Amino acid sequence: MWRRADLVIPFILKTPFPIVSPRLLMKRTLTTMDTMHHSSTFLLPTVPENQRPSLTYALVVLNHNLPRFTPLLWKHAQLRLCADGGANRVYDEIPLLFPQEETSVVRRRYKPDIIKGDLDSIRPEVHDFYTRLGTRIVDKTHDQDSTDLHKCIACIRDFAPVSDKSNLCILVAGALGGRFDHEMGNVNVICHFSSLRVILLSDDNLIHLLPRTHRHEIHIQASVEGPHCGLIPIGTPSKSSTTTGLRWDLNNTEMEFGGLVSTSNMVKGETVTVQSDCNLLWTISLKKLW
Ligand SMILES: Nc1ncnc2c1ncn2[C@@H]1O[C@H](COP(=O)(O)OP(=O)(O)OP(=O)(O)O)[C@@H](O)[C@H]1O
Ligand SMILES: Cc1ncc(C[n+]2csc(CCO)c2C)c(N)n1
């Protein structure tokens, strides 16, 4: 659980996926490589007892169309940030998801803990509204070399309590389907913070990184996601990727941009496993339920 004091006391990052040398990595691959589990239970209205995640969630709202399931993410999260103009989205769009309720009541219920960025997009009335509610507004105008999302993830990484770091999961709402430079900037952020679990979300898609340091088990929540999926080598070509549970499985397969990348693939059952010599992006379609 985050307390206010936790937000102001920096801690040294203890990476959940320690950096290992290629030789050691090879040795571990041949012996035991740790398995990392992934499950989109944060998209379920109620999570069954036997699927309760051991993760702590933080939510970052970006300045693009809010996914309709944002209230669900908000409920799961223990810390809620808006990246600059993301605050306008919470202010304008959350009340539209509750048409039966009074706008001002809904607005007060959805109070971000922090608004962070260069603050060139948040509107003055939105800034005033959340200042009065007690939201911490962090102005970083001088930094024009990193995106507002980058600033938010760095803030969560630096200020989350040490005990929460290894099971911290950051959900990013409104990350896809907008301006392509912003989308690529958002994907770059998950690569930059590759030791953290960061999940990019839109109404239609979910994307996260599968670090090469681990074997991965993805537990498909078929009621909310799939069947369309993809595995994409990002940054460097993969000499060898192997999967189970896909319509078109990879078997020590090479992948690279300009050659083969696994798009338009499909999940077959409840579990997909992935192992690769490179970091891969995992993407899966979301169902139109909300
Ligand atoms: N069209 C979009 N598609 C995807 N993500 C977006 C889009 N617009 C904004 N974002 C995300 O929301 C964050 C906040 O955006 P905002 O519009 O407030 O500021 P910006 O000046 O456009 O972004 P930045 O300062 O990060 O370049 C951005 O850092 C980015 O991650
Ligand atoms: C090579 C290079 N390309 C673009 C930018 C501009 N830029 C990158 S992130 C960002 C957002 C700040 O909120 C801005 C303006 C830069 N600095 N360096």
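Predicted model: local features only at pLDDT ≥ 70, side-chain atom pairs only at ≥ 80, totals over all residues.
Which exposed residues does the face of H5 turned away from its buried side carry? Residues are numbered from 1 along each chain as its sequence is written, chains are lettered from A and ligands numbered from 1 in the order in which they are written, and side-chain values use heavy atoms, with hydrogens and water left out.

**Helix H5**

I found that the face turned away from the buried side carries Pro124 and Arg132, where exposed means over 50% relative accessible area, buried under 20%, and partly exposed in between (1.4 Å probe, protein chains only). Helices (H or I, at least four residues) and strands (E, at least two) are DSSP runs, numbered from the N terminus. Within H5, which spans residues 124-133, I noted Val126, Phe129 and Tyr130 as buried. These three lie on the same side of H5, because they cover an arc of only 85° around the axis, the arc being that of the directions from the helix axis to the C-beta atoms. Their cover includes helix H3 (86-93), helix H4 (103-109) and strand S4 (114-117). After H5 comes Gly134, with a positive phi near 105°.

**Nonpolar cores**

I next looked up the cores, each a set of buried Ala, Val, Leu, Ile, Met, Phe, Trp, Tyr and Cys residues joined through side-chain atoms within 4.5 Å. The largest has 49 residues, and those with the most contacts inside it include Phe42, Leu73 and Trp282. Strand S15 (residues 280-286) gives this core its largest share, four residues. Apart from it lies another core of 31 residues, among them Val60, Ile114, Val138 and Ile232.

**Ligand 1**

I then turned to the ligand, which has 18 residues around it, with Asn63, Gly85, Asp148, Arg179 and Asn186 coming nearest; a residue counts as near if one of its heavy atoms lies within 4 Å. A polar side-chain atom of Asn63 is 2.8 Å from an oxygen atom of ligand 1, whereas for Leu149 a backbone N or O atom lies 3.3 Å from an oxygen atom of the ligand. The protein covers 85% of the 580 Å² of accessible area that ligand 1 has on its own, by the Shrake-Rupley method with a 1.4 Å probe.

**Glu217**

Last, I checked Glu217, which sits in strand S9 (residues 215-219) and is buried, with a relative accessible area of 18%.

How values were computed. Polar contact = N/O pair within 3.5 Å; in protein donor to acceptor, adjacent residues only side chain to side chain. Contact = heavy atoms within 4.5 Å.
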